[in-house]
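Visitor: I have a model open and would like to learn how to read it. Where do we begin?

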Amino acid sequence: MARVAVFVDVDWTLTDRERRISSRVVEALERLQREGYFVVLASATAYPIVYGLSRYLPTSGVAVGENGGVVGDGRRLEILGRIDKELVLRVARERLSCCLEDSWQNLFRFVDVTFALRKGVDPGYAVGEARHVFGAMGLEVKYSGVALHVHPPGVNKGVGLRKALEMLGGGFDYVVAVGDSEVDVDMFRVADFSACPAHAPEEVKKEASYVAKAPYSDGFLEIVDVVLRGAGKPAKE
Ligand SMILES: O=C(O)COP(=O)(O)O
């Protein structure tokens, strides 16, 4: 049987618009697991959140957090980059308080510093301002649709995906990636088959092998059906 890994973004892919996880989603993850797929949650959120979730949901137990910057399985923890978190937080307070609010998650983060957007601030404007300030410090800024993220170049879900495959023992025949935002595109580029729910921005849809008809977790359920029917499998299968 082919060894297949399925990487799944959390916010607005596994969840609905209100960020709830339905029992239908849990059943879909169970189906994947029953069929022998290795499910890995890959999120921009802090590792304790995504690892905790991966323990309560049917998954392989390896989790990718902080946009690929942190990968672990409960015993092992890989941190794939370095950042001066206090400096980033200070600069944000001093220069970007118009747009950004510190997140409680930063207490638990190692390499990707995250901010909520202030109420009413246009995401495009906030990202532009943050790129101006943090770009000059050699850092990257990405927006997940839910939060803004600042990290060193080289931290991304594609790199996290590769590290997770290694932690699972390698030897995969093909890899599927599912996600809805800019932060997921790097794992789309590494995967053999990628898919996004219908609400994903155009730039993300352009990079995906498959775009679901439904948004949010309903789109994810549709994508699971497509994957279980063999989407992305190499021709030799
Ligand atoms: O916290 C966020 O930015 C959301 O993260 P995710 O969509 O990668 O799960």
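Guide: Begin with burial. A residue is buried if 20 or more other C-beta atoms lie within 10 Å of its own, exposed if 12 or fewer, and partly exposed in between, with C-beta atoms placed from the backbone. Take V155: it counts as buried because it has 28 C-beta neighbours inside 10 Å.

Visitor: What kind of model is this, and how are residues numbered?

Guide: The model is predicted: local features need pLDDT of at least 70, side-chain atom pairs count only at pLDDT 80 or more, and totals for chains, interfaces and linings use all residues. Numbering runs from 1 along each chain as its sequence is written.

Visitor: Where does V155 sit, and which residues does V155 touch?

Guide: V155 is in the loop between β9 and α5 (157-167). Helices (H or I, at least four residues) and strands (E, at least two) are DSSP runs, numbered from the N terminus. Contact means C-beta atoms, placed from the backbone, within 7 Å. Leaving out residues up to four places away in sequence, V155 touches N67, G68, G69, L80, G81, V111 and D112.

Visitor: Is A46 buried or exposed?

Guide: A46 has 22 other C-beta atoms within 10 Å, so it is buried. A46 lies in the loop between β2 (38-42) and α2 (47-56). Beyond four places in sequence, A46 touches G65, E66, Q105, F108 and R109. A46 and N106 are 60 residues apart in sequence, yet 7.9 Å apart in space, C-alpha to C-alpha.

Visitor: How is the chain divided into domains?

Guide: Domain bounds come from an automatic or database domain assignment. Here that gives domain 1 (4-79 + 155-228) and domain 2 (85-151). Their centres, taken over C-alpha atoms, are separated by 23 Å. At the contact, 16 residues of domain 1 meet 14 residues of domain 2. The side of domain 1 that touches domain 2 has eight nonpolar, four polar and four charged residues. For these classes, Ala, Val, Leu, Ile, Met, Phe, Trp, Tyr, Cys and Pro count as nonpolar, Asp, Glu, Lys and Arg as charged, and the others, Gly among them, as polar.

Visitor: Why does the ligand lie between the domains?

Guide: Both domain 1 and domain 2 give residues to the shell around the ligand, so it lies between them. A residue is near a molecule if its C-beta atom, placed from the backbone, lies within 6 Å of it. The residues around the ligand include D9, D11, W12, S43, T45, S144 and S181. By class, the shell has six nonpolar, four polar and two charged residues.

Visitor: What about the nonpolar core?

Guide: In soluble globular proteins, nonpolar side chains tend to be buried together. A nonpolar core is a set of buried Ala, Val, Leu, Ile, Met, Phe, Trp, Tyr and Cys residues joined through C-beta atoms within 7 Å. The largest here has 69 residues, and V6, F7, V40, V64, V176, A177 and V178 touch the most other members.

Visitor: Which strands pair with β9?

Guide: Strands pair if DSSP finds at least two bridges between them. Strand β7 (residues 113-117) runs antiparallel to β9, joined by three bridges. There, V113 has V150 as its bridge partner. Strand β8 (residues 140-143) also pairs with β9 in the antiparallel sense, over four bridges. K142 and H149 are bridge partners. In β9 (residues 148-151), L148 and V150 point one way, H149 and H151 the other, and all are buried.

Terms used: Two residues are in contact if their C-beta atoms, placed from the backbone, lie within 7 Å.
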